[in-house]
Amino acid sequence: MRSHLLEGIVRHRRTRPFTYAFEHKVFYFAVDLGELDLVAASLRVVSRNRRNLLTFRDDDHLDPPAADLNASVVEHLRREGFDPEGWRITLITNLRVIGYVFNPASFYLCRDRSGTLQIVVVEVHNTHGERHQYTLRADDAGERFVASMDKAFYVSPFIAAAGRYAVSVRDEKSRLRITINEQDGGTLLLHTSLDLTRRRLTDRTAARMLMRYPLGPHRTIGMIHWHALQLWRHGLRIYRHRAAA
């Protein structure tokens with residue numbers, strides 16, 4: 001299988017009006033969307049659209065929720081003006097653990113027939129149950145995929161709705177590094193990065209990740225609220241939630 005695991009560190013650093021930074025060890029699934037049924041058939045601990053220790057649910061992704069995620073992403077790319085015939089799409093995400101998942105951001109790495117990373121779709125979820133997809137084409141050809149987009153989705157009560165993201169993806173044989181820098185007024189406000197090492201996907205390695213990072217999605221949502229509490233205690237301005245467009 002081309003599908004595999006990713007293990008590493010997520011880092012956040014806010015630069016204004018004071019510095020606030022943290023990092024956590026994490027793991028992700030890198031699922032080839034053409035292998036969704038193969039992954040479920042090959043691993044005892046993973047199922048697709050039915051309960052298991054780990055569950056991949058198609059409708060946990062896209063808006064409106066997907067029934068067949070691979071077909072829906074292909075159709076999304078066509079609507080965006082691309083021809084994804086023969087492309088390989090890898091989704092970087094978390095699966096449901098004992099029935100629960102929360103993915104602040106998932107990444108669809110869309111490679112053409114030659115294996116070149118052409119498009120990155122960033123799917124952002126907020127704690128209000130809303131989702132939004134940013135579809136990015138590389139600004140320039142090079143070793144890294146680099147793109148930018150205007151902010152169009154409410155994420156944090158401590159960051160204004162207006163802003164701009166700069167996204168960088170370095171997709172290497174043994175390692176995946178993703179960086180998102182959020183700018184406000186032309187200057188850096190928030191730096192976020194994932195630095196991940198590839199691991200083989202088997203029942204044993206998946207079980208090992210679950211033991212090393214128990215209840216990962218539950219911990220993610222808990223840490224989001226913990227860090228929000230720390231920012232609130234620092235007296236940061238709160239921006240009211242705006243419903244997704």
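This briefing covers the nonpolar cores, the strand pairing and one surface patch of the structure above. The model is a predicted one, and residues are numbered from 1 along each chain as its sequence is written. The largest nonpolar core holds 33 residues, and a second, separate core holds 27 residues. On the surface, four residues, Trp226, Leu229, Trp232 and Ile238, form a nonpolar patch.

**Nonpolar cores**

- Within the largest nonpolar core, which has 33 residues, the members that touch the most other members are Leu54, Leu69, Leu77 and Tyr108.
- At least two residues of this core are supplied by each of the strands β2 (20-32), β4 (54-56), β5 (88-93), β7 (105-111) and β8 (117-125), and likewise by each of the helices α1 (36-42), α2 (69-79) and α3 (203-212).
- Helix α2 gives the largest share of this core, namely four residues.
- Once neighbours within four places in sequence are set aside, Leu77 is in contact with Phe82, Pro84, Trp87, Ile89, Cys110, Ile119 and Val121.
- The second core is separate and has 27 residues, among them Leu6, Val26, Ile92 and Val169.
- As a general background to both topics of burial and packing, nonpolar side chains in soluble globular proteins tend to be buried together.

**The three-stranded open sheet**

- Three strands make up an open sheet in the order β3-β4-β6, and their pairing is mixed.
- Strands β3 (46-48) and β6 (96-97) are the edge strands, each of which pairs on one side only.
- The pairing of β4 with β6 is antiparallel and runs over two bridges, and Leu54 stands opposite Val97 in β6.
- Leu54 is also one of the residues that touch the most other members of the largest nonpolar core.

**Pairing of β10, β11 and β12**

- Strand β10 (residues 145-150) pairs with strand β11 (residues 164-171) in the antiparallel sense over six bridges, with Ala147 standing opposite Val167 in β11.
- Strand β11 is also joined to strand β12 (residues 175-184), in this case by eight bridges, and these two strands run antiparallel.
- Arg164 stands opposite Gln183 in β12, and a hairpin through three residues joins β11 to β12.

**Surface patch**

- Trp226, Leu229, Trp232 and Ile238 together have about 450 Å² of accessible area in their nonpolar surface patch.
- Trp226 lies in helix α4 (residues 216-233).
- The relative accessible area of Trp226 is 45%, so this residue is partly exposed.

Terms used. Predicted model: local features only at pLDDT ≥ 70, side-chain atom pairs only at ≥ 80, totals over all residues. Heavy atoms only, no water. Patch = residues over 30% accessible without salt bridge, like charges linked within 9 Å, V, L, I, M, F, W, Y side chains within 5 Å. Areas by Shrake-Rupley, 256 points an atom, 1.4 Å probe, with all protein chains shown as cover. Salt bridge = Lys/Arg side-chain N within 4 Å of Asp/Glu carboxyl O. Buried < 20%, exposed > 50% of the residue type's maximum accessible area, 1.4 Å probe, protein only. Core = buried A, V, L, I, M, F, W, Y, C linked by side-chain atoms within 4.5 Å. Contact = heavy atoms within 4.5 Å. Pairing = 2+ DSSP bridges.
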